Structures are given as C-alpha cells and as structure tokens.
Amino acid sequence: MTSKKKVEPIGGKPSDVEDLKVASNYLRGSLAEQLHNRVTGGLSELDNRLLKFHGSYMQDDRDLRKEREKQKLEPAFQFMLRVVTPGGVATPEQWLVIDELAQKYGNGTIRVTTRQAFQLHGVLKWNLKQTIKGINDTLLTTLAACGDVSRNVMCNPNPLQSKVHEEVYHWSKELTKHLAPRTPAYHEIWLDGEKLENPYKPYSEPADPVEPIYGHVYLPRKFKIGIAVPPSNDIDVYSQDLGFIAVVEKDQLVGFNVTVGGGMGMTHGDTNTYPQLGKVIGFITPDKTLELAEKVVTIQRDYGNRSVRKNARFKYTIDRHGLDWFKEELQDRLGWELAPAREFAFESSGDRYGWAKNYDGTWNVTLFVRSGRIADTEQEQLMTGLREIAKVLKGDFRLTANQNVMIGNIPAKQKAAINKLLKKYNISIGEELSGLRRNALSCVALPTCGLAMAEAERYLPTLLDKLEPILEKYGLRDSEINVRMTGCPNGCARPALGEISFIGKSPGKYNMYLGAGFAGERLNKMYKENIGEEEIIATLEPIIEHYAKDRKKGEHFGDFVIRAGYIKATTDGTNFHSA
Amino acid sequence: MYSLQLLVTNSPFSEEQLQHLNALLPTLTEAQIHWLSGYLAFYRNENTQGATLQALPVAEQAIGANSGIATVSGIAAVPNVAAVQVPKEATILFGSQTGNAQRLAGRLADRLKADGFDVTLSAMNKFKTNELKKAVHLFVLVSTHGEGDPPDNAISFYEFLHGKRAPELKHLKYSVLALGDTSYEFFCKTGQDFDQRLEELGAERLVGRVDCDVDYEEAASGWIQAVADKLSSASAAAAQPLQAAAAAAAATTEAPSAAVVYTRNKPFQAEVIESINLNGRGSDRETRHLELSLEGSGIAYEPGDALGIVPHNDPQLVAELIETLGWKASEQVTTKEGDVLTIEEALTTQYEITVLSKTLLEKFAPFSKNEQFNQLLTDSAKLREYAKGRDLLDLLNDYGPFTWQPSDVVNVLRKIPARLYSIASSIKAHPDEVHLTIRKVQYESHGRERNGVCSVYVSERLEVGDKVSVFVQSNPNFKLPASDETPIIMVGPGTGVAPFRAFMEEREEAGASGKSWLFFGDRHYVTDFLYQTDWQRMLNDGVLTKLEVAFSRDTEQKVYVQHRLLEHAAELYAWLEEGAHIYICGDEKHMAHDVHKALLQIVKEQRNVSEEAAAAYLNELQDAGRYQRDVY
C-alpha cells in the first residue's frame with residue numbers, strides 16, 4: 001500500500017444546523033419549554049430540527065394550509081413519530097401498543113416505512129410526550145429515528161432463511177444500540193429523566209464525555225446502515241451509507257462484505273447532488289461489525305461536509321476524497337485490514353409474498369401493504385385484522401424494506417388460525433396483484449410531508465390502476481417490474497433504484513426515470529422531465545409493448561430499456577445526470 | 001342673547017307654544033328675563049298650591065293671544081317672587097348590563113333637567129345609599145338577567161335595599177321602569193322586586209311600573225313621558241327654567257347633529273364584506289367572523305360596545321307556518337308603522353315566530369275553542385313548561401286550528417327582537433368597519449331541528465355583498481380602563497373572546513403600554529382556537545403580554561379557563577393588586593359563575609382571608625369598575 005495521501009476535511013463556514021447542534025447542549029435546545037407552549041401547536045424551526053434527533057418531525061396538513069390561514073388558524077401542526085425498530089422486528093405486544101397509540105394520539109393509521117420503521121402521523125404537540133413514553137414503555141424508542149445520526153439499522157426479514165435471520169437481526173440490533181446517541185436529553189424531555197440500560201464500550205478513547213462516538217456536533221448528515229442477505233437485496237444495500245452483505249456458508253453466517261458510500265437523495269436541478277451506490281470494500285467476520293461501523297461513522301464525522309448540507313452525506317465524502325483514501329483512513333483507525341470481498345449474487349430487491357416454512361417447522365407469511373399504510377379500508381380491514389392477529393400470535397411481526405408486513409415464527413399449530421384471520425379481514429398476501437403492484441414503493445408525501453412537491457402514497461395506486469390494463473393488454477400482468485414514486489428528490493422510497501421511477505416536481509408533475517437494475521445493482525436515469533399522467537402513460541405504453549415483444553427470456557424491464565436504447569446505463573452516481 | 005331656538009325635540013312645549021316662545025324670547029331684555037323667571041316660579045308655585053294669582057288669567061290669556069309682552073311686563077307687582085324656592089330634585093338610578101337601562105336613564109335625566117330638575121343620575125353601584133334620605137323623587141330603571149337576576153351593577157344596591165339596613169323611605173316618591181324579555185320565565189323580575197320593595201319601605205308610587213319587552217322603545221318613552229308629566233304637575237316650577245332648558249338644548253346641539261342615530265327601529269343597512277367560519281375542518285362548531293361595512297353611516301363605536309342585528313326569520317319556517325295556517329303568502333297586512341307587506345314578508349322580517357311566552361299564548365286565547373288549550377292557559381306552571389323550547393309552529397300543530405287571520409298578526413306577535421353581539425373590532429384599526437363573532441346555534445327540541453334565528457341567518461343566508469340591519473348599542477359598563485397603562489385581564493372563552501379582540505386592537509392602535517393577559521378556551525385546540533393567528537401576532541409584537549388557553553375536549557380531564565386562572569393564582573392576584581382591571585365575557589350560566597368562583601378562591605387564598613372578605617374584595621373591584629362583565 002502506498003503512503004497515505006494527506007487529506008484535510010473540506011471546511012467552510014458551518015451551516016446553521018451545525019451551529020444549532022453545537023448550541024443545543026446535546027440536543028436539548030428549548031424543546032422542553034416549547035412543548036409546554038399552549039399558544040401554538042408547532043415548534044420553532046430550530047426546535048423542530050432538534051426534534052428530529054428525538055425521532056419526530058413537525059408537519060402540517062398541507063391540504064388545509066390556505067383554508068386555515070383564512071380562518072385565522074395556524075397551520076394544522078402535527079407531528080410524525082418514527083419508531084426505531086431494528087430489522088423491523090416487533091413483538092405482538094409491541095404491535096398492540098403501537099396500534100393503540102396510533103388510534104389514541106395519531107391519525108388512526110400506522111405507516112410502515114421503507115427503512116422498516118413504524119411511523120405514526122398526526123400526533124399533536126401536547127400528546128408527543130405521552131406517545132413517546134408509551135413507545136419506550138414497550139421497549140422501543142424514537143431516539144435517533146431521524147436526525148444527523150445513524151438511523152434504524154435494516155435487515156432482511158428472511159422468509160426463506162429463518163436461521164440466518166436470527167443472526168443478522170442480532171447484528172442490526174447491536175449496531176442500532178451501539179450507534180445510538182448517549183445524550184440524557186431524550187430521557188429528560190420525554191421520560192421524566194428515567195434512563196434505560198444501555199451499556200456501551202467505545203472502540204476508541206472517548207473524546208467527548210457525553211457522546212463518545214458523535215461528539216457534541218453529531219454527524220454532518222443522516223447515516224444509514226443495512227444488512228442484506230443474498231440473493232435478496234430487499235434492503236437495497238447499495239443505497240446505504242454503510243452496507244453489510246451477509247456471507248452464509250452451510251446456513252451459518254460467516255461474515256459480511258462491506259459496502260460504503262451509497263445514498264439516494266439529490267436536489268432537482270443541482271448536478272452536484274446525485275444518488276450513488278455503495279462500493280464493496282472488503283470482508284469482515286461478524287465479531288468486527290461494531291468496531292468497523294464505529295470507525296466508518298467517525299470518519300464521516302470528521303470529514304463530512306458541515307458547510308453545505310446537501311453535500312454532507314457520506315457518499316460525497318467518499319467521492320470527494322476517493323475510495324482508496326477512505327480504505328486507508330479506515331485501516332488506520334481500525335489498525336487492521338479488511339479481507340478481500342467474498343463472492344455473492346443478488347436476484348431481486350422485492351419482497352416474496354405469501355406463506356413460507358422456517359427451518360424449525362414454524363411458518364411465516366408476507367402480506368401486501370398498499371404504500372405501507374396500515375389502515376382499514378372498505379376492501380380490507382388491515383389494521384383491525386393485524387390487531388386481532390397480534391392478540392393471539394405466538395410469533396413476531398417484521399416490517400419489510402418494501403413497506404410490507406411479514407408475520408414470522410408462526411407455530412405450525414397456529415397457521416390455520418392466522419390464515420383464517422387474514423381471510424376474515426380480507427388481507428392480501430399479494431397473490432391477486434399484478435407484478436407491477438407487488439413491486440411498487442412510495443413515500444408518504446402529501447399532505448403531511450413538508451418536503452413533498454407532488455403526491456406519492458395517495459397517487460401511485462391510481463397511476464397503477466391505469467398502467468395495469470396496459471400490462472395486461474401485452475400479457476405482462478405477472479411480470480415483476482419495480483416501480484417507485486416519491487414526492488421529492490430526497491429519496492425516501494429509493495427512487496433512483498426503480499426500473500420505472502417518478503420523482504415529484506410540482507403537483508401532478510414528475511420526472512420519469514428508467515433503467516435501474518431489478519436487484520438494486522444499477523441506478524436509473526431520467527427519461528422524461530416534468531410530465532403529467534397523460535404523458536406518462538403515452539410514453540410508457542409503446543415501451544411496454546416493445547418489451548413484451550422483444551424481451552429476452554428472464555430479461556428485466558430495467559435491463560431491456562438499456563439494451564433497446566431507450567436510455568443509457570448509469571454506471572456510477574457521478575454520471576446519473578449525464579444523458 | 002339667547003340665540004338658540006327651542007324645538008319640540010329639545011323642550012317640553014308644543015309646536016303652537018313654541019311659536020309664541022320663540023317669537024317672544026329674543027326680544028326680552030336682561031331685566032325682563034330676570035323678572036319673568038321669578039314671576040313664573042311664583043306663578044307655578046302658587047298655582048300648584050291651589051292659590052290664585054291675580055295676574056294669572058291675564059298672563060295666560062296674554063300669552064295665548066300672542067299680544068302680551070306689554071301686558072306681562074306690565075305686571076310689575078311681583079318683584080320678589082324669584083326668591084321662592086321649592087324642592088325640584090330627582091334621583092335616577094339604573095342597573096344595566098347591556099346599556100339599555102342606562103341610556104333610557106340618561107334620556108329621563110335630560111328630560112327632567114329640561115324641566116328644571118336638579119337631577120342625580122347614577123349607576124346603582126356608584127350611588128351612596130345614604131343619599132337616599134335626601135332624595136325626594138327616585139326613578140329606578142333596571143333590567144333583568146338570566147334566571148331573574150339583577151345586572152352586575154345593580155347587585156349591591158339590590159342587596160342593600162332588600163337587606164336589614166334598608167331605610168324607611170316614607171319621604172320618597174318613586175317609579176320603576178323594568179326591562180326584560182318575555183321569553184324568559186322571570187320576565188322583568190328585578191324591576192318588579194324594586195317596585196315592591198320600595199313600596200314596602202314606605203315610598204309612594206308616583207307612576208305605575210312599566211315592564212318592557214325587548215322591543216322597549218314605545219313603552220319606555222311612554223313611561224318617561226308619564227313621569228315627566230306627573231312631576232311637572234306635582235312639583236314646583238324651577239327658579240330658572242329657561243336656563244335649564246337652554247342648557248338642555250345646548251347639550252342636544254352639541255350631540256353629533258349631522259349623524260343620523262341608528263336604532264333598533266331605524267337600523268343602518270350594512271354591507272357584509274367578509275364572512276368566515278373560524279372553526280377549522282372537523283370542528284363540531286361553526287363560528288362566523290362577520291365583517292360589515294359602516295361606510296356612509298357615520299356610526300362610531302367603542303371597544304366593549306355591542307352591535308344589534310335585526311335578523312330575518314328562516315324563510316322555510318315561515319313557509320311552513322303559512323302552509324299550516326292555510327294562508328296565502330301574498331296576502332297583505334299593514335304593520336303598526338303603517339307599512340304594507342305581504343304576510344310572508346311580515347313573518348320573515350317583522351315578527352318573532354320562534355319563541356312562545358306566557359304573554360303570547362294568552363294572546364291566542366280569543367282565537368281558540370280548543371278545550372285543552374284553554375285548560376293549559378289556566379295553569380301557569382304547565383304553560384311555561386309547554387312554552388319552553390317550542391315555537392309558533394308547535395303551537396299551531398299542537399293546539400290548532402286557531403281562527404286568527406293575517407290581520408291579527410300585528411297585534412298578536414311581538415316584533416322580532418334584535419340580537420346583540422359584542423363587537424370584535426376596534427374602529428381605529430378598521431375604519432368604517434365592524435367585526436362580529438357569531439356562533440351558529442342549532443339543536444333539536446321536541447322532535448324538530450331548531451335554528452338560532454340570528455346565528456343561522458348570519459351563517460347560512462347572509463353572503464358577502466348582502467345588507468343587514470344593524471345599530472350600535474353602547475355598553476358603558478364594559479370599557480377599557482381610562483388609562484392606557486392600566487393592566488387588563490380578559491377572560492373570554494368561546495365567542496366571549498370577541499370584545500377582547502376589540503380591546504387589544506384599540507390598545508395596539510393607541511400604542512398602549514399597559515400589560516394585558518387573555519384567557520381563552522374552547523373545545524379543541526386544532527379547530528376551535530378563535531383568532532389564533534391574531535393573538536399569536538399580538539403576542540409576538542408585545543401588544544398582548546400573556547395568553548393562556550384551555551381546550552376542554554383535548555384531554556381526558558376537561559380543562560376550562562377557570563382552571564387556568566387558578567393555575568396562575570399568585571400572578572393574577574399580583575396583577576389585581578397592581579391595579580389591573582378584569583373583564584369577563586361569554587356564557588353566564590356556567591362560565592361566568594365558575595370564573596367568579598375561581599376569582600373568589602384566588603383572592604381568598606392569596607390574601608389569606610375569609611370567603612366573605614374575598615367577596616367584599618371583588619365587590620369593591622366591581623364598584624370601582626375594575627371587574628366588568630359582559631355575559632349572556
């Protein structure tokens with residue numbers, strides 16, 4: 001190895017968020033005080049930014065903004081609460097608590113996020129504390145569900161590899177715990193000071209007495225970690241800042257290939273921002289997982305861009321200084337070298353629906369959840385049904401990275417009973433759905449998300465209703481094509497990895513992207529800019545027709561559009577914007 | 001030298017008398033005036049004593065014949081009569097919540113002053129009770145509230161007079177004008193109580209009590225006339241009547257003579273310029289923020305005043321009534337004012353059809369042969385029970401048919417009462433505008449959906465661009481402190497917050513430095529926080545110092561404004577001790593009562609005194625005008 005290049009952090013005037021973090025006294029700010037301000041249901045911009053670290057965003061019902069302004073009412077402020085659920089696993093008891101809180105304090109629905117977390121919407125400021133307390137009482141937390149820290153650690157729910165699941169799930173929990181902020185602020189503000197046990201041994205000399213890993217400034221930006229178990233890339237490992245790809249030999253986890261520097265977010269019209277895929281840097285054995293993660297995080301802490309937030313993600317740090325520099329820096333900090341990466345192959349990034357048998361004779365079943373929204377509708381009493389199942393279930397629940405729910409570890413004796421409940425409440429296990437709908441993903445967007453420029457969750461089903469007859473017409477009803485829609489380019493539904501993607505520009509208008517890899521191994525590229533429904537359909541129909549006629553056996557839609565010359569392949573995030 | 005013209009409107013004389021007086025007076029010399037005033041005083045005095053003055057026929061005749069200056073002035077034989085003095089005193093006390101009684105008291109005072117009386121005009125709580133001994137004539141004008149309760153500024157006097165310390169009043173002549181609303185069970189009760197009590201204390205009734213309904217104008221004017229007439233014929237002439245008359249006339253001319261005074265009977269047609277539902281989506285309430293244009297009216301008002309709206313009845317209810325009666329909507333009737341309207345118009349715009357009262361039901365007796373109805377009329381308890389929550393249509397359905405005809409409507413139904421709403425704006429902040437805060441009232445009673453007459457008229461039928469009949473009802477008993485520096489505490493849950501918007505806008509316009517503290521409450525924070533962004537802006541700008549809110553349906557335990565008052569007991573008491581004025585506006589039955597109890601508790605605990613002492617503290621505040629209420 002050559003001698004290490006001397007690299008200085010990028011520097012520049014720290015952004016206002018950086019100032020805020022410094023001034024916040026380890027995430028306290030004036031949150032405690034502002035929660036008691038009864039004159040407004042909202043928080044100041046500064047406190048709202050701090051609140052994210054505590055797992056909540058202030059939002060408002062954007063449908064009502066204008067109307068309420070005229071009525072001399074402030075926006076209908078409400079809070080989204082995100083629950084850290086490592087690997088998306090929840091016990092039936094936890095499920096019932098979340099369900100009850102959603103009904104009592106939330107808007108009566110639960111959102112399954114694309115990062116396997118629960119989200120409650122519509123919580124009023126004065127109910128935040130009660131709700132957060134309820135979540136903590138059931139041994140879950142909202143701390144670090146959002147904010148410039150490591151987020152909920154994802155892992156594959158493994159419907160077909162139940163034994164490996166136990167092991168990767170263990171590491172997703174350990175990673176979440178190890179990288180959680182240590183500030184007592186959370187407990188002071190929400191839990192009346194009571195602190196839960198969280199033993200922690202840092203892998204380096206603690207420089208900061210309160211936050212040994214993060215320091216008082218925390219990270220420059222959010223940090224995402226996920227563990228994939230091939231052949232499924234359901235967690236989109238390449239989209240993670242830090243990814244672990246499980247290497248399994250004889251049903252045993254032997255270690256992980258490590259990826260670094262992936263991420264979805266970008267800004268419309270700014271080519272200095274782009275989605276990027278993580279790169280594999282080597283292999284580690286499981287016992288090195290926490291140490292490696294901690295060191296990777298500290299590199300981003302020290303070298304990330306703290307001046308320009310939209311260039312602060314880890315992917316830009318790596319692209320700026322180069323992968324070689326990063327590997328060296330990491331090796332310096334670890335004091336050891338990663339082993340060469342092992343062979344692996346992904347087949348898809350979607351979920352496998354329906355029933356499957358586990359190694360120990362228990363069963364699991366993956367349910368289809370439309371846009372991740374757990375609610376009762378006329379066709380399907382999903383929320384009620386899952387509540388009734390939770391009351392009797394002797395297994396667990398797993399939120400998937402594709403916003404679905406898997407019921408795991410169902411004793412063989414209970415299988416029939418659970419199936420009966422699923423039927424009773426008309427809950428879909430995806431069988432009757434088109435291949436497009438089974439592989440559809442959307443973020444929350446309007447009316448609650450403050451970033452949304454267009455609809456996503458509320459609109460995607462309508463668009464699919466119009467695309468399905470076309471697929472049917474050309475005999476592609478069951479073809480697995482993944483389609484993603486987000487209301488803005490920040491990437492919550494990982495839109496740069498959709499074979500067909502829509503990123504919102506303005507109400508009713510989207511940029512349309514084509515050509516991502518079905519297994520999440522290639523980014524897509526913009527095909528049409530700023531188009532509405534009519535043009536979306538008019539554009540897609542001939543391509544679909546062409547695909548139906550000319551596709552090779554097993555060829556995915558994302559690969560076909562490249563071969564057929566509709567679009568050039570994006571080989572790296574840095575050429576995402578070039579035609 | 002007396003350049004001013006006596007008119008029918010500013011003097012007690014008839015047109016014919018005035019012709020003579022106005023012809024004569026400008027020609028008089030100073031000496032002649034002096035002589036004449038003394039002469040008249042003597043003349044009246046003697047006349048009422050039953051004595052005869054020789055010059056009388058001459059003088060009378062002389063004036064009557066318009067030939068008399070020489071004749072009158074020719075009587076030089078009574079140079080000393082000007083020295084004859086007799087008691088011409090009148091004490092006028094009012095107890096008023098909304099200002100009606102106070103205004104009428106002012107009118108009586110002006111009238112008696114013009115007649116040469118030495119008038120003491122006072123709110124009951126401002127009147128020193130030992131002055132009663134000196135009083136010769138006492139006139140009581142008082143309204144009745146809620147369940148037969150006296151208005152706030154009448155309470156202390158009422159209690160004094162009904163208590164053991166009440167003096168014997170054999171020297172006193174009196175009369176009572178009672179204001180009320182026949183749709184309430186205890187109609188004019190406070191006035192009746194005063195009337196009876198004064199009699200018990202030995203006072204002599206000068207003129208019989210008059211009980212006025214909401215449409216009081218005619219009855220009240222009649223009473224004022226009767227009182228003035230009786231006094232004129234019963235008491236001595238003034239020593240200097242002309243000066244008194246001149247003073248009264250001067251006072252009248254000082255009033256804004258250019259502006260037309262708009263009243264219940266002569267309302268201004270104000271255009272609706274904005275109508276917004278202040279309750280957010282999902283609320284079980286609907287509160288209208290109504291902005292009306294006063295352009296061209298010259299109407300002025302002050303924070304704390306109310307605006308009267310003369311509403312229209314629900315056209316659908318009118319149609320149902322006409323159908324039930326089997327009348328023709330186009331049939332014409334002539335109102336007492338002489339207007340010719342179709343019966344449909346008359347029932348929509350002129351008469352009250354939504355309230356039954358004992359008085360009204362009794363008026364229906366001649367039109368019914370229904371045994372059960374006649375039976376009902378004989379049992380006044382049952383009658384009241386029946387009247388509660390029912391309307392004219394119920395009556396027709398339950399006891400009809402009645403034989404009344406469209407022409408009978410004018411005599412049977414009372415005029416539709418105006419609804420008073422506390423004004424929610426400062427005219428300084430919104431020139432030529434007046435804002436109101438009106439909550440829609442809808443409920444079910446006896447199997448039918450009922451609509452609040454005015455609130456539903458405003459919420460559902462008035463649109464921007466429409467005109468509505470309005471007049472200002474001043475309320476001198478709900479006013480900002482004289483000084484801008486005086487701290488104010490305002491308790492106004494629900495629509496009770498309206499006048500406080502006016503208060504704060506006024507203080508904002510004035511750049512007032514006094515601290516202010518608002519207590520607001522309603523059901524739900526998200527949808528029912530009336531004028532939320534206005535308050536937030538005022539807080540931000542430092543116009544409003546503090547704001548406490550209580551939303552009763554957001555928490556398991558219901559929280560109301562009185563709880564917030566109690567939570568801030570020490571600070572609130574400190575404000576009072578600093579001289580703060582406290583204002584309560586809104587629902588009387590529950591809120592005002594609970595808030596008063598909370599204040600009692602706060603004073604009791606903070607001063608560490610007995611309940612009685614705390615009550616006395618609050619009474620003192622009330623008497624000093626530092627604890628004012630506008631409750632309904």
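Student: Starting with chain B, what share of the contacts between residues at least 6 apart in sequence join residues at least 24 apart?
Tutor: In chain B, 75% of those contacts join residues at least 24 apart, where contact means heavy atoms within 4.5 Å. This is a predicted model, in which local features need pLDDT of at least 70 and side-chain atom pairs count only at pLDDT 80 or more, while totals for chains, interfaces and linings use all residues. Residues are numbered from 1 along each chain as its sequence is written, chains are lettered from A and ligands numbered from 1 in the order in which they are written, and side-chain values use heavy atoms, with hydrogens and water left out.

Student: How many helices and strands are there in chain B?
Tutor: Chain B has 24 helices and 21 strands, taken as DSSP runs numbered from the N terminus, with at least four residues (H or I) for a helix and at least two (E) for a strand.

Student: And what percentage of its residues count as buried?
Tutor: Of the 632 residues of chain B, 52% count as buried, which means under 20% relative accessible area, whereas exposed means over 50% and partly exposed lies in between (1.4 Å probe, protein chains only).

Student: OK, switching to where the chains meet: how many residues does the contact take from chain A and from chain B?
Tutor: Chain A gives 16 residues to the contact and chain B gives 26. The area buried between the two chains is about 1,800 Å², with carbon and sulfur atoms giving 50% of that area; buried area is the accessible area (1.4 Å probe) that two parts lose on being put together, summed over both.

Student: Which three residues supply more than any others on chain A's side?
Tutor: They are A:Arg38, A:Val39 and A:Lys72, which together supply 41% of the area that chain A buries against chain B.

Student: How many salt bridges does the rule find across that interface?
Tutor: The rule finds 4 between chain A and chain B, a salt bridge being a side-chain nitrogen of Lys or Arg within 4 Å of a carboxyl oxygen of Asp or Glu. One pair is B:Arg281 with A:Glu67, whose closest N and O atoms are 2.5 Å apart. Helix H4 of chain A, at residues 65-70, gives the most to the side of chain A that touches chain B, with 3 residues.

Student: Which parts of chain B does the salt bridge of B:Asp522 and B:Arg439 link?
Tutor: The closest N and O atoms of B:Asp522 and B:Arg439 are 2.7 Å apart, and the pair links strand E18 (residues 516-522), which holds B:Asp522, with strand E13 (residues 433-439), which holds B:Arg439, 83 residues apart. Both B:Asp522 and B:Arg439 are buried. Back in chain A, salt bridges that share partners join A:Glu18, A:Lys21, A:Asp148, A:Arg306 and A:Arg309 into one network.

Student: New topic: which annotation from UniProt covers A:Cys492?
Tutor: The unreviewed UniProt entry marks A:Cys492 as "binding site"; UniProt positions are given in the numbering used here, feature names are shortened, and annotations may be inferred rather than shown by experiment. A:Cys492 sits in the loop between strand E17 (483-486) and strand E18 (500-506) of chain A, and at 43% relative accessibility A:Cys492 is partly exposed.

Student: Which residues does A:Cys492 touch?
Tutor: Not counting residues up to four places away in sequence, A:Cys492 touches A:Thr114, A:Cys443 and A:Thr486.

Student: And is A:Gly350 buried or exposed?
Tutor: A:Gly350 counts as buried, at 14% relative accessibility, and is found in the loop between helix H11 (323-334) and strand E11 (354-357) of chain A. Leaving aside neighbours within four places in sequence, A:Gly350 is in contact with A:Ser232, A:Asp234, A:Asn402 and A:Asn439. A:Gly350 and A:Ala519 are 169 residues apart in sequence, with their C-alpha atoms 7.9 Å apart in space.
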